[in-house]
Amino acid sequence: LSELKPDIIYHSAAYKHLNLMENNFYEVINNNLISTYNLTKLSIQHKVKNFIFISTDKAVNPKSMLGLSKNLAEKAISSIYHNSISKDNSTIFSIVRFGNVFSSDGSVIPLFKSQILSGGPVTITHPKVERYFMSIYEATNLVLESVNYAKNLNLFTLNMGEQIKIINLVKNIADKYNVEIDFNNNSTDTNKIKIQYTGLNKGEKLSEELIDTKIIKNFNDRIYEIEISYPESNFSDDIENYLIPSLNKGDLNSSIKIIEKYCKDFKFH
């Protein structure tokens with residue numbers, strides 16, 4: 001930052017594989033929260049013009065470690081920003097939430113395709129599970145566009161349309177390859193692909209949310225600015241003085257107690 005003097009930083013804090021994160025508390029908190037905390041402070045220090053944090057729908061009422069870490073990162077940015085208002089801060093901060101991206105690393109679509117072409121079964125967690133999806137092209141272009149609307153500290157969410165039921169997604173992939181799916185697993189036709197319901201994974205929801213407060217403004221029907229409900233808290237001070245030392249010592253109980261102050265409804269598994 002001191003050498004290259006960037007105008008814009010896009011920070012993804014991209015440990016995003018839900019199942020892997022459930023069993024790696026220290027890694028996900030350090031990578032997704034602490035890295036965001038550090039980079040937010042450095043952006044102010046080096047007078048970066050725009051800082052954009054890539055968040056997720058899973059940050060809304062989080063049930064997973066992934067969602068928790070992104071929720072806390074959003075709050076850390078808000079806390080640092082409010083604590084810097086009276087100081088020499090010229091950095092504009094924005095947070096952008098969106099859901100799943102087709103064909104991104106870890107996407108379920110290549111897995112479904114492989115299972116269908118190999119004769120099944122296709123593994124789905126639950127018959128009612130649904131998710132938001134958009135293309136890489138849509139996601140990247142809308143994130144880039146959102147910078148134009150950022151003023152001081154803004155929380156944006158991308159319009160991802162209606163959630164798609166995963167069983168319908170599987171059907172669409174199967175139709176593409178002229179394969180029939182036996183969704184009820186009661187067919188005697190051996191040419192039909194069977195479905196194996198595995199149950200929701202730890203921290204997984206049946207459906208996701210993108211908006212937890214009111215919409216302030218609608219840009220081009222694709223980008224919404226929503227109200228930030230996070231109070232001007234001492235979270236950044238608690239991260240510096242208590243959470244980072246607890247993480248460095250491997251003190252799990254102390255780390256969890258600090259986190260629970262700022263995400264009271266989260267249930268650690």
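Are lysine 205 and glutamate 208 buried or exposed?

A: Happy to take you through it. This is a predicted model, in which local features need pLDDT of at least 70 and side-chain atom pairs count only at pLDDT 80 or more, while totals for chains, interfaces and linings use all residues. Residues are numbered from 1 along each chain as its sequence is written, and side-chain values use heavy atoms, with hydrogens and water left out.

To your question: lysine 205 and glutamate 208 are both buried. Buried here means under 20% relative accessible area, exposed means over 50%, and partly exposed lies in between (1.4 Å probe, protein chains only).

The side chains of lysine 205 and glutamate 208 also form a salt bridge, at 3.9 Å from N to O. That term stands for a side-chain nitrogen of Lys or Arg within 4 Å of a carboxyl oxygen of Asp or Glu. As a general point, side chains of opposite charge can pair when their charged atoms come close.

Glutamate 208 has another partner: its side chain meets that of arginine 131 in a salt bridge of 3.8 Å, N to O. This pair links distant parts of the chain, 77 residues apart, with arginine 131 in strand E6 (residues 130-131) and glutamate 208 in the loop between strand E11 (193-197) and strand E12 (215-219). Strands (E, at least two residues) and helices (H or I, at least four) are DSSP runs, numbered from the N terminus. Arginine 131 counts as buried because its relative accessibility is 8%. Glutamate 208 has a relative accessible area of 5%, so it is buried.

Salt bridges with shared partners join Asp57, Lys58, Arg131, Glu204, Lys205, Glu208 and Glu209 into one network. Within this group, lysine 58 and aspartate 57 meet through their side chains in a salt bridge of 3.8 Å, N to O, and both of these residues are buried. Across the whole structure, a search finds 14 salt bridges.

Strand E5 (residues 122-124) runs parallel to E11 and is joined to it by 3 bridges; two strands pair if DSSP finds at least two bridges between them. Valine 122 has isoleucine 195 in E11 as its bridge partner. Strand E10 (residues 181-182) also runs parallel to E11, with 2 bridges joining them, and aspartate 182 stands opposite lysine 194 in E11.
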